[in-house]
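Welcome! Take a moment to look over the sequence and the model, and then follow the short tour below.

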Amino acid sequence: MDFRLDNEQELLRDGLARFLSARYDLAASRATARTGAGWQPDIWRSFADELGILGATLPADVGGSDGGAVELMVIAEELGRALVIEPYVGTVVVSGGLLRRAGGETAHALLERIAAGDAVVALAATEAGSVDELAPVSTATRDGDEWVLDGAKTVVLDAPLADHLIISARTDEGLSLFVCEFDAAASPPGVSVHGYRTIDDRRAADLSFDGLRLPGTALLGEAGCAESNLARALDEGATAVASEAVGCMRNVLADTVEYAKTRQQFGAPIGSFQALQHRMTDMYMELQQSVAAVCLAVLNLDAEPTARARAVSAAKVTVGRAARLIGQEAVQLHGAMGMTEELAIGDYFKRLTAVQYEFGSTDRHRTRYAALTRPGR
């Protein structure tokens with residue numbers, strides 16, 4: 001596959017890489033993730049004001065740059081290299097995509113705030129006991145000019161950081177989406193929040209809705225017409241985290257090779273041992289397969305739904321397998337140091353582990369790919 005960035009995309013990549021190298025301190029980020037607020041609002045503001053990446057894939061009429069899937073891949077990969085914890089995928093990629101396709105005054109206003117760095121939005125779509133976000137049990141019923149929501153959502157990533165939620169629910173017409181203002185520390189009436197830190201030091205929450213009242217303007221688009229938009233947004237999210245994983249794996253492989261060149265054992269660098277060279281070669285091959293699979297998914301994000309889903313699932317399975325192998329090999333090749341907080345390898349390993357389950361597990365996407373490619377489809 002010959003996949004080359006144009007000049008503007010290269011400038012975007014290089015500018016973001018320079019910013020993260022100079023301004024994004026990994027130790028400070030890890031401390032904030034573990035014991036602080038869970039993110040760095042000043043960095044988020046810089047993403048908007050100095051780099052413009054929060055609007056890079058959003059429409060020009062909301063302050064964006066009209067970028068597409070390639071720009072999404074470039075940004076997500078660089079964020080993965082630096083192990084950025086700020087909620088780019090949930091806010092810009094997933095929620096931004098839903099708002100853009102829903103249209104309307106409410107969506108337009110919130111998109112402007114996202115592009116300006118003034119809003120963090122989380123999607124509440126996953127429910128306990130269900131693997132299909134397109135078939136929610138949560139309900140929304142009309143009551144005059146209002147909607148009343150009942151149900152529960154689990155592992156809502158970025159919810160403790162968010163000031164808005166996009167909630168999926170079943171209405172009489174079908175699957176619908178609703179947007180509401182949110183504050184995890186002071187939830188609106190009808191919402192209970194259980195926040196926690198995930199294995200990779202991100203913030204998430206389980207949410208329960210008991211008679212949550214929302215105005216009629218909270219409905220995104222038309223009632224019952226959200227299924228295709230949500231399906232595409234979830235595929236875009238899966239592609240974004242797969243791109244992020246590629247960035248993580250690039251960094252992990254580079255660090256492992258460098259460590260193997262300097263770590264001495266039996267009077268020689270461990271990188272000179274053929275058995276370890278073979279293991280690092282396997283890591284490299286898995287990475288290259290992941291790069292190709294993600295590129296294929298990116299090129300198919302605007303394709304018809306079946307082709308898009310097939311390419312995205314292929315990428316998610318390929319990246320999931322590679323993330324597991326590369327993460328585990330990196331920790332092992334670093335020896336005991338790979339298990340300490342002194343090196344970043346452990347943090348990257350945890351992120352690569354979590355990526356295998358975000359927007360559908362590796363097994364789930366393998367099953368979907370098999371269903372989409374069976375004879376007769």
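## Salt bridges across the fold

Across the whole structure, a search finds 30 salt bridges, each being a side-chain nitrogen of Lys or Arg within 4 Å of a carboxyl oxygen of Asp or Glu. One of them links arginine 250 to glutamate 77, with the closest N and O atoms 2.6 Å apart. Because arginine 250 sits in helix α7 (residues 227-262) and glutamate 77 in helix α4 (residues 69-81), this pair ties together parts that are 173 residues apart in sequence. Helices here are DSSP runs of H or I with at least four residues, strands are runs of E with at least two, and both are numbered from the N terminus.

Please keep in mind that this is a predicted model, where local features need pLDDT of at least 70, side-chain atom pairs count only at pLDDT 80 or more, and totals for chains, interfaces and linings use all residues. Residues are numbered from 1 along each chain as its sequence is written, and side-chain values use heavy atoms, with hydrogens and water left out.

How accessible are the partners? Arginine 250 is partly exposed, with a relative accessible area of 25%, while glutamate 77 has 14% relative accessibility and counts as buried. The cut-offs are under 20% relative accessible area for buried, over 50% for exposed, and in between for partly exposed (1.4 Å probe, protein chains only).

Aspartate 235 forms a salt bridge with arginine 308, and their closest N and O atoms are 2.9 Å apart. Aspartate 235 belongs to helix α7 and arginine 308 to helix α9 (residues 305-333), so this pair ties together parts that are 73 residues apart in sequence. Both aspartate 235 and arginine 308 are buried. Glutamate 244 forms a salt bridge with arginine 351, at 2.8 Å between the closest N and O atoms. Here glutamate 244 is in helix α7 and arginine 351 in helix α10 (residues 345-355), so parts 107 residues apart in sequence are tied together. Glutamate 244 is buried at a relative accessible area of 5%, and arginine 351 counts as buried at 3%. Elsewhere, salt bridges with shared partners join Arg30, Arg34, Arg197, Asp201, Asp347 and Lys350 into one network.

## A closer look at glutamate 236

Glutamate 236 also lies in helix α7, and at 6% relative accessibility it counts as buried. Which residues does glutamate 236 contact, leaving aside its neighbours within four places in sequence? They are Val93, Gly97, Arg100, Arg101 and Leu301, where contact means heavy atoms within 4.5 Å.

UniProt, in an unreviewed entry, places "domain: Acyl-CoA dehydrogenase/oxidase N-terminal" at residues 7-117. That span is 69% helix and 0% strand, and its end C-alpha atoms lie 26 Å apart. The unreviewed entry also places "domain: Acyl-CoA oxidase/dehydrogenase middle" at residues 122-210. Over residues 122-210 the chain is 0% helix and 57% strand, with end C-alpha atoms 19 Å apart. UniProt positions follow the numbering used here, feature names are shortened, and annotations may be inferred rather than shown by experiment.

## A hairpin

Strands β6 (residues 191-197) and β7 (residues 203-215) run antiparallel and are joined by seven bridges; two strands pair if DSSP finds at least two bridges between them. Serine 192 has serine 208 in β7 as its bridge partner. With five residues between them, β6 and β7 form a hairpin, and aspartate 201 in the turn has a positive phi of about 70 degrees.
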